[in-house]
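I opened a notebook on this structure today. My plan is to look up a few features and write down each one.

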Amino acid sequence: MNITTIPGPKGLPISGNLLAFRKDPLRFLREAAKEHGDVARFRFGPSRHVYLINNPDMIKEILVSKQSHFRKGKGLQVARAVVGDGILTSEGQKHIRQRRLMQPAFHRERIATYGNAMVQQATSLMEEWKDGEVRDVHEDMMKVTLAIITETMFGKGLKEGADEIARAIDVGLKYVSTKASSFIDIPLTVPTSSNRQFRESAELLDKTIYNIIEERRREGGQGRTDLLAMLLAARDEDDGKGMTDEQVRDEVMTIFVAGHETTANTMSWIWYLLATNPEAEQKLWNELDEVLGGRLPAVEDIPNLKYVNQIISETLRMYPAAWTINREVAEEVEIGGHTYKPGETLMMSQYVMHRSEKYYDKPDEFIPERFEGDLLKRIPTYAYFPFGGGPRICIGNNFALMEAALLLSTFAQKYRFRLADSGKPVEAEPLVTLRPKGGLMMRLEARSR
């Protein structure tokens, strides 16, 4: 099939489909997939052609078997401004080397040692909570996951400046999201208000992280087991070289940004889904009472918390933190009978695939039990891919799943979460990650066993 005959939604003369996409990206993508099938073609601005790929076999070709024909999409190219050239944004041999250097820090046995810190940070947050109060639970989840990532990354909390760091990260993510979907590229040197804000936030993050790296290099880091110690000690098996301060900074920033925002969003959506599905909530409490009996959870409990894990899997299906993956064609490639040219963008949406009626019964309903059987063996691999796939699959996936299980088990034993305004729908805001729009106001109710 000729590429120009690939169908897609009609657009406007100059902006194409950009305004419709920006107005409601999730609905736009789902409707395009539903109406146009395996591939939908649209245009962002005068000349940027994007193809939404809705076929799991084609997605596998793009992410696995033909991944060398692509480079990261515009969003992650823009993200370099925030996270530098770390594992998330680097390409080719540099990415392979960095991943090899970082892999030991994310082995299951290594991350299991962080379980206690995760539970302690959760119990510490609950000391601020009072029965009956209304809180922005999304803000609380951001706070606890930031505390966890700073402790596991640096071996200590960043009590001073933690709020400023969180705000700076937020500014950076919003900047990336806006710039990635704009067809007018305003250079960072132009002193617009968003550029100024972004530069200030980037300077704050740089200063904080470089100071910590410098301090650690001075003290030598003997006996430390945190992620930063692992990064500083890592040596390439080919040339025996370690990372420069800049490389360490880029990887720290990547883990920092990706490692707290994504899990915080997942936790927020879990509380929302449980509050609106009381039967699932009751089933969760029954399991927690049976397995834990009131004590704090530990890493060893996770395999026995089967429903906890099903809740997390189902939440990642309905509200995947990474809701799209974009790849830009670097060299001409044939996928599913179509030939794509350099410069064209192929978009794959976890949100769209995870809610497809082809693979899921009642896809818009929260049914954790769908994961208790062999669902993942029955559906194609890329009908469910919350952590991406191929050689660039999220390196922190096991860390994130362990963290979510421990946080869910710790908080849900003590509290139930009720929507403060049950008549007001909670909307998903698709920025760099998929977060609850405007926060998530909930009433905390102490749970008596």
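I begin with a term: I count a contact when heavy atoms lie within 4.5 Å. The model is a predicted one.

**Entry: helix α7**

I looked up helix α7, residues 115-126. Its buried residues are Gly115, Ala117, Met118, Val119, Gln121, Ala122, Leu125 and Met126. What covers them? I found that the cover includes α6 (108-112), α8 (137-154), α17 (397-414) and β9 (415-419). Then I checked the helix length.

**Entry: the nonpolar core**

I turned to the largest nonpolar core, which has 125 residues. Which members touch the most others? They are Ile53, Trp271, Tyr340, Leu408 and Phe411. Helix α12, residues 245-275, gives this core its largest share, 14 residues. I noted a general point here: in soluble globular proteins, nonpolar side chains tend to be buried together.

I picked Leu408 and listed its contacts, leaving aside neighbours within four places in sequence.

**Entry: strand β5**

Next I looked up strand β5, residues 325-329. Is this strand enclosed or open? Five of its five residues are buried, so β5 is largely enclosed by the rest of the structure. Ile325, Arg327 and Val329 point one way, while Asn326 and Glu328 point the other way. In a regular strand the side chains alternate between the two faces of the sheet.

I then traced the partners of β5. Strand β3, residues 70-72, pairs with β5 in the antiparallel sense over three bridges. There, Phe70 stands opposite Val329. Strand β8, residues 345-348, also runs antiparallel to β5, and four bridges join the two. Arg327 has Leu346 of β8 as its bridge partner.

I went back towards the start of the chain. Five of the six residues of strand β1 (residues 39-44) are buried, so β1 is largely enclosed by the rest of the structure. β1 pairs with strand β2, residues 48-53, in the antiparallel sense over six bridges. I found Ala40 bridged to Leu52 in β2. The two strands form a hairpin with three residues between them. In the turn, Gly45 has a positive phi of about 80°.

**Entry: salt bridges**

I searched the whole structure for salt bridges and got 26. Side chains of opposite charge can pair when their charged atoms come close.

Arg249 and Asp206 meet at 2.7 Å, N to O. Arg249 lies in helix α12 and Asp206 in helix α10 (residues 193-219), so the pair ties together parts that are 43 residues apart in sequence. Arg249 is buried, at 7% relative accessibility. Asp206 is partly exposed, with a relative accessible area of 25%.

Glu61 and Lys66 form a salt bridge at 3.1 Å, N to O.

Asp374 and Arg378 meet at 2.8 Å, N to O. Asp374 counts as partly exposed at 39% relative accessibility. Arg378 counts as exposed at 56%.

Last, I looked for a network. Salt bridges that share partners join Glu128, Glu133, Arg135, Asp140 and Lys143 into one.

Methods:
Residues are numbered from 1 along each chain as its sequence is written. This is a predicted model: local features need pLDDT of at least 70, side-chain atom pairs count only at pLDDT 80 or more; totals for chains, interfaces and linings use all residues. Side-chain values use heavy atoms; hydrogens and water are left out. A nonpolar core is a set of buried Ala, Val, Leu, Ile, Met, Phe, Trp, Tyr and Cys residues joined through side-chain atoms within 4.5 Å. Buried means under 20% relative accessible area, exposed over 50%, partly exposed in between (1.4 Å probe, protein chains only). Two strands pair if DSSP finds at least two bridges between them. A salt bridge is a side-chain nitrogen of Lys or Arg within 4 Å of a carboxyl oxygen of Asp or Glu. The expected span of a helix is 1.5 Å times one less than its number of residues.
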